[in-house]
Amino acid sequence: MNRPSVPEAAEVLAEMTGGGCVVNEGADSSADAAYRICSGLTVYPRNEEEVANVLKWANENGYRVAPQGGGTKDALGQAVTDPDLIISMQKINGIVQHSAGDLIVTAYAGTTIAQLQQTLARAGQVLPIDPGHEEQTTLGGLVAANTSGLKRGMYGSIRDYLIATRVVYPDGRRLRTGAKVVKNVAGYDMNKLFVGSMGTLGILTEVTVKVRPLPQSTGCALLQADNLEHIQKLQAALLDTQLEPCVFELTDRLPDEFDAGKAYVVVTFEDVLPSVRYQLEQLRQIASTCGVQVLDSSDGDEGKEMAEKVLGAIRKRWPTPDHVVPASTVVALKLSSLLADVPALYDKVRLAAEECGLEATFNGGLSSGISRAIVTVHNEERVGNEHHDEALKQWIMKTQSLLEECGGHAVVEFAPKRLKSSIAVWGKDRPDMVLMRGIKNKIDPQGTLNPGRFVGGI
Amino acid sequence: MDKVDKNKLNAFIQFAKDLLGDMYVLHRYEDLVAYECDAYVIHKGAPSAVVFPADTEQTAQLVRYLHEHEIPFLPRGAGTGLSGGAIPLHGEVIISLTRMNKLLHVDYLNRRAVVQPGYINLKLTHSIAAKGYYYAPDPSSQASCTIGGNVGENAGGAHCLKYGVTTNHVLGLKLVTCEGDVVEIGGVPDTPGYDLLGLLTGSEGTLGIVTEITVRILKTPQAVKTALALFDDVEDASRAVSDIIARGIVPAALEMMDKTAIEGVENGNYPVGYPRDIEAVLIVEVDGIEAGLQEQIDQVIEVCRQHRVREVVQAKNDAERAAWWANRKTAFGAMGTISPDYLVQDGVIPRTKLPEVLLKIRKISERYRLRIANVFHAGDGNLHPLILFDARVPGETERAVKAGSEVLKVCVEVGGSITGEHGVGIEKMEDMRVLFTEEEIAAQTDIRDVFNPRGLCNPGKMFPQPARCVEVKKPASMEIS
């Protein structure tokens, strides 16, 4: 096959998209380039048909494609080689239909979460997923990367809300999955295929999700313990009650005004005001029997404000390429484990970092089992960026074995490309890889979409 | 597909007897009759044999043999499926999972339990209730259906409005693949890779056989409040449903029955004493933290009053609440008291279209001269129109099936789906074309072929046979607004 040159491709793709093709010249040397998907070409299709045309062209001409939303997850995945083409979904944004009475909303994949939430809020509704960086994170990206936040323990993740999509396959087929109703078992649940699939199977163009009414009231409590045993006790005690914590997060730091440098637990409740008040009171009682101190708590408007401040500060720590400070290296791990393993991981993962001469920050979901550990190192000018790489690698591998030991997983969610070439970003292969490869080969036999970025070389 | 070759079958039966013991292999005609259908009784087919493995390893060995010798097979739980997914239309060997009926492990701290596929849904809740826990998905057949079957069908229930369906509660699976290999899927949340857990749940036994299931268990809500509202007009009841949701209340359950259905349940084993002249009854339940819950049910009652309710009451105690639910959950069976046969449909619609769709169903009922009773999960728009007929009257079965298909078309026309929780099975294979294009169906059978390359595991189910020379229906093109 005679593969078109980049200028030839640019011309064809520009024509397909009304001039929406940008040639990226020269190597990007900015601070965040190490965390970005880099490609010679970026195409901005304006609608699904253009996505299909561009993708089909790429598939037929041996151009490897990376779909992109807001770019917050550019650093997620095994980077083998740079793609030939980025298909940006940014121009395909907006709400298609918000059917408030049915508690469902359909939006184009490039719609940001912030934009979506604003529309929903006007009708007193919300998609109760808080990925952070909501001004940039797109709905399509949220699905493809399966991003979740601190409210996961109560509300679940995007797979629990996704009911229908429109998706473009590498050969240009435009398909629908699911149906725009809250319950549906017609055929396989094809929606699930795209949750967390990292753009390796198709490009989502439209997403329909269930939504919920906004909670009437929020309560927030900040707790502190001298040692982890007390936190374990608190976790076991609280989870064995009928209380319904929305956020139940263990974290090693709080915004300065609350911070005193120990292990903290943030608890929020979302419900009607009497219930929130009752639950805060119960929490205080449980905490005192577990030797955990309540630093502060509030409900009503103050509760909401406190929750937003504290949770916002935790979410801000989760890195994106836009937030990397020059002359620093950032590595973030997403850990999934059993709930009861979270407190011990808090210690072990931070200790592993210490042993490597690094300092890790940690937040862990005591009711979700999803934790994040982040290391930021500042590179002194003399030694260069790579100076800490060996230590970072050691920490990643240690943490991955720690998680494996307790039946969990540690995925490298954020790291510079130079590091990722020598680590297993997704951890060890599992026996069900055979089935996953089969699915990939069936849908994308040419390996056009994000080749090598996903598990097991998919 | 032809029936299984006799010699091949005899060799398998011998293999199965050696592996499982004689008593766990059925192959004589009189033993097989009971397995000719599940709870969808319009089609029947005898299996070649029924085998009862005791564990994952035996299941895997059976499947490996069947795969190697190209004998079709299908998994079966309690046989309560309503769409015919467990009916052996091509003489399949039935692998019954009813011997694998144990609760293997409960881990309260991590809020999870591991069960074998033949474990009965309601038994799980009963086993953990003493510690204040329960298993949320509650199909009406929960006293007899198995959790393995629930996974196969992605079963729902009355309380999935707030708590979700089976797929939202399955954390991990042990799968015997169609080739007889054993793989573990999922385990902790967000296991790296494609969401096979999500694909397998609701795959109706066409992608392999699940032999162990890890499910999420929940803490029993602190308080439950239930209201019962009687309406003189179905439309008023439907509007009340929409208004309850619009108030920002997420009820744990929101159920509705119409006049014909009420006639059935009142003749059944659990009559509540509904007046015979009302047009609709609504059961609304809220649960959660006690504080503030009474205000919520008060709001529900208030909404009903705004919609010309004849009578609305709150359950005085658990006994009264249980009586209302027993009446509702046995509604399908109770139809036997007013009709010799019935066909149940399972369409889903956006709940705001409820009045419009109910009107259309009434017209279909008139056109086909068949009574249709409506029992449904109104909160999530999942309708269960029960088409009443008499199979002894020539042509009436066919008319009932046609009326059912029309009901599904109406559901799809308003943006809904052909099945919310009963599955496609045999019953709705052709109706899949109403919802999906040929291309969209092919995308799904592509996935089946990855898991089930020889097509031996529950063949000829769920998807219509590929059409020849039909025009490919294109999905509506997208326009940027």
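Which residue in β14(B) is the bridge partner of B:Ala253? Hold that one for a moment; here are my notes, point by point.

1. **What you are looking at.** This is a predicted model. I'll start with each chain as a whole and then walk through a few elements in turn.

2. **Chain A overall.** Chain A has 13 helices and 19 strands. Its radius of gyration is 23 Å, close to the 23 Å that the globule rule gives for 458 residues, so chain A is as compact as a globular protein of that length. Along the principal axes, the C-alpha atoms of chain A take up a box of roughly 75 × 60 × 40 Å.

3. Of its 458 residues, 63% count as buried. Take the contacts in chain A between residues at least 6 apart in sequence: 71% of them join residues at least 24 apart.

4. **Chain B overall.** For chain B the tally is 16 helices and 18 strands. A compact globule of 481 residues would have a radius of gyration near 23 Å, and chain B agrees because its value is 23 Å. The box filled by the C-alpha atoms of chain B is roughly 70 × 55 × 55 Å along the principal axes.

5. Among contacts in chain B between residues at least 6 apart in sequence, 73% join residues at least 24 apart. Chain B exposes about 17,600 Å², and carbon and sulfur atoms supply 50% of it. There are 50 positive and 64 negative side chains in chain B, with the centres of the two sets 2 Å apart.

6. **Strand β13(B), an enclosed strand.** Now to the opening question. β13 of chain B covers residues 253-258, and six of the six are buried, so the strand is largely enclosed by the rest of the structure. In a regular strand the side chains alternate between the two faces of the sheet. In β13(B), B:Ala253, B:Glu255 and B:Met257 lie on one side, B:Leu254, B:Met256 and B:Asp258 lie on the other, and all are buried, which leaves both faces covered.

7. **The neighbours of β13(B).** β13(B) runs antiparallel to strand β14 (residues 280-288) of chain B, and six bridges join the two. That is where the answer sits: the bridge partner of B:Ala253 in β14(B) is B:Glu285. β13(B) also pairs in the antiparallel sense with strand β17 (residues 372-377) of chain B, over three bridges. In β17(B), B:His377 stands opposite B:Glu255.

8. **A four-stranded sheet in chain B.** Look next for an open sheet in the order β1-β2-β4-β3 (chain B), where the pairing is mixed. Its edge strands are β1 (25-26) and β3 (73-76), each of which pairs on one side only.

9. How many bridges join β3(B) to β4(B)? There are four, and β3(B) runs parallel to β4 (residues 93-96) of chain B. B:Phe73 has B:Val93 as its bridge partner in β4(B), while B:Arg76 stands opposite B:Ser96. From β3(B), B:Phe73 and B:Pro75 point one way and B:Leu74 and B:Arg76 the other way, and all are buried.

10. **Helix α3(A) and its packing.** α3 of chain A spans residues 113-122, and its buried residues include A:Ile113, A:Leu116 and A:Leu120, along with A:Ala114, A:Gln117 and A:Thr119. An α-helix has 3.6 residues a turn, so residues three or four places apart point the same way. The buried residues of α3(A) pack against β5 (95-99), β6 (104-108), β7 (125-126) and α4 (139-145) of chain A. After α3(A) comes A:Gly124, with a positive phi near 70°.

11. Leaving aside residues up to four places away in sequence, A:Lys192 touches A:Arg159, B:Thr167, B:Asp195, B:Gly198 and B:Leu199.

Methods:
Residues numbered from 1 in each chain as written. Chains lettered and ligands numbered in written order. Predicted model: local features only at pLDDT ≥ 70, side-chain atom pairs only at ≥ 80, totals over all residues. Heavy atoms only, no water. Rg over C-alpha atoms; globule rule 2.2 N^0.38 Å. Contact = heavy atoms within 4.5 Å. Areas by Shrake-Rupley, 256 points an atom, 1.4 Å probe, with all protein chains shown as cover. Lys, Arg positive; Asp, Glu negative; His and termini not counted. Charge placed at Lys NZ, Arg CZ, Asp CG, Glu CD. Buried < 20%, exposed > 50% of the residue type's maximum accessible area, 1.4 Å probe, protein only. Pairing = 2+ DSSP bridges.
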